[in-house]
Amino acid sequence: MRYDIVVLGSGPAGLSAAVAARGRNKSVLVVGNRWQDSPLARAECVDNYLGLPSMTGAELMDRFTRHAEESGANLVTGKVISLMAWEGFHLTVGSELYEGSSLILAPGVVRQAKYPGEMEYLGRGVSYCATCDGMLYRGREVVVWGLSPEAAGEANFLSSIGCKVRFVSGRRPAELSDAVGHLAGAVQAVGGGDTVEWVQVAGRRLPVQGVFILRSAIAPDTLLPGLAIEDGFVKVDRRMATNIEGAFAAGDVTGAPLQVAKAVGEGLIAGLSAAEYLDKH
């Protein structure tokens, strides 16, 4: 389905953008985690949000989410695996494909180090989604680098469809299937020839055909190649526009201060700017 605006991120910035865009009668899809998993939801007391002092983060997130839903925005829980800017924006969320005429990036702060070989072999043995690419590796040796709460479940899925799976993490998750081997440590590098042939874990090179790096989120510039980054944050102008036509950004992803009020304000601007962009085009 195609929407006027797709918002990546279901925190204060993304929800504020959705409400603003709905106020301009634009169809809006918000893709993100459950609000209960938001860092803000774990705050015991938020005292610096104007007019609503001494609320818990969970109370704020509940209100924000209900407001966006009641405005008519469509909220989908999931992680964006791929994003392509072509005649608008095409996004893969799990196994579903969505399209948007405009895009607002509001994923919060996503800090992640790239491992040697990760970007070189992306799509040639390195994957960020087990359910998307798992069938390509049936009967093959793969490593799952578990950096998200859902990673053990995805490793179990790979094992269930016939992959030979080893799971890498600090310690073995309780929910990991007995059929999945566990390696204590961290992925240090990925390498091979035309495709992945080995992964280095704890100083050892292991022969594999696939490496699934399962993070909780993917950095915006990884999802959207060519996106301008400055001092580690997405670069925007006063309209919250990025250097990619039709793409805007708001909230913690654009830099400090990392506070709710700033995120909500930038989300408002991004939502209005995206609506204005669509009206002009």
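Mentor: Helices (H or I, at least four residues) and strands (E, at least two) are DSSP runs, numbered from the N terminus; axes are lines fitted to C-alpha atoms, for helices over the stretch in contact, and angles run from 0 to 180 degrees between N-to-C directions. This is a predicted model, in which local features need pLDDT of at least 70 and side-chain atom pairs count only at pLDDT 80 or more, while totals for chains, interfaces and linings use all residues. Residues are numbered from 1 along each chain as its sequence is written, and side-chain values use heavy atoms, with hydrogens and water left out.

Trainee: Why are H1 and H2 called roughly parallel?
Mentor: Helix H1 (residues 12–23) and helix H2 (residues 57–71) pack with their axes 9 Å apart and at an angle of about 25°. Angles under 35 degrees count as roughly parallel, over 145 as roughly antiparallel, 65 to 115 as roughly perpendicular and the rest as oblique, and H1 and H2 are therefore roughly parallel to each other.

Trainee: Which residues of H1 and H2 meet?
Mentor: Contact means heavy atoms within 4.5 Å, and in this sense Pro-12, Leu-15, Val-19 and Arg-22 of H1 meet Met-61, Phe-64, Thr-65, His-67, Ala-68 and Ser-71 of H2.

Trainee: What makes S11 and S13 edge strands in their sheet?
Mentor: Two strands pair if DSSP finds at least two bridges between them. The open sheet has three strands in the order S11-S12-S13, with antiparallel pairing; strand S11 (187–192) and strand S13 (204–207) each have a single partner strand, so one side of each is left without a neighbour in the sheet.

Trainee: How do you know that S11 and S12 pair?
Mentor: S11 and strand S12 (residues 196–201) are joined in the antiparallel sense over five bridges, and Val-187 stands opposite Val-201 in S12.

Trainee: What makes the radius of gyration agree with a compact globule?
Mentor: The radius is taken over C-alpha atoms, and the globule rule is 2.2 Å times the number of residues to the power 0.38. For 281 residues a compact globule would have a radius near 19 Å, and the chain has 20 Å, which agrees.

Trainee: What makes Pro-257 and Glu-87 worth a look in their loops?
Mentor: In the loop between strand S17 (247–249) and helix H6 (260–280) lies Pro-257, joined to Ala-256 by a cis peptide bond with omega about 0°. Glu-87, in the loop between strand S4 (80–85) and strand S5 (89–93), has a positive phi of about 50° although it is not a glycine.
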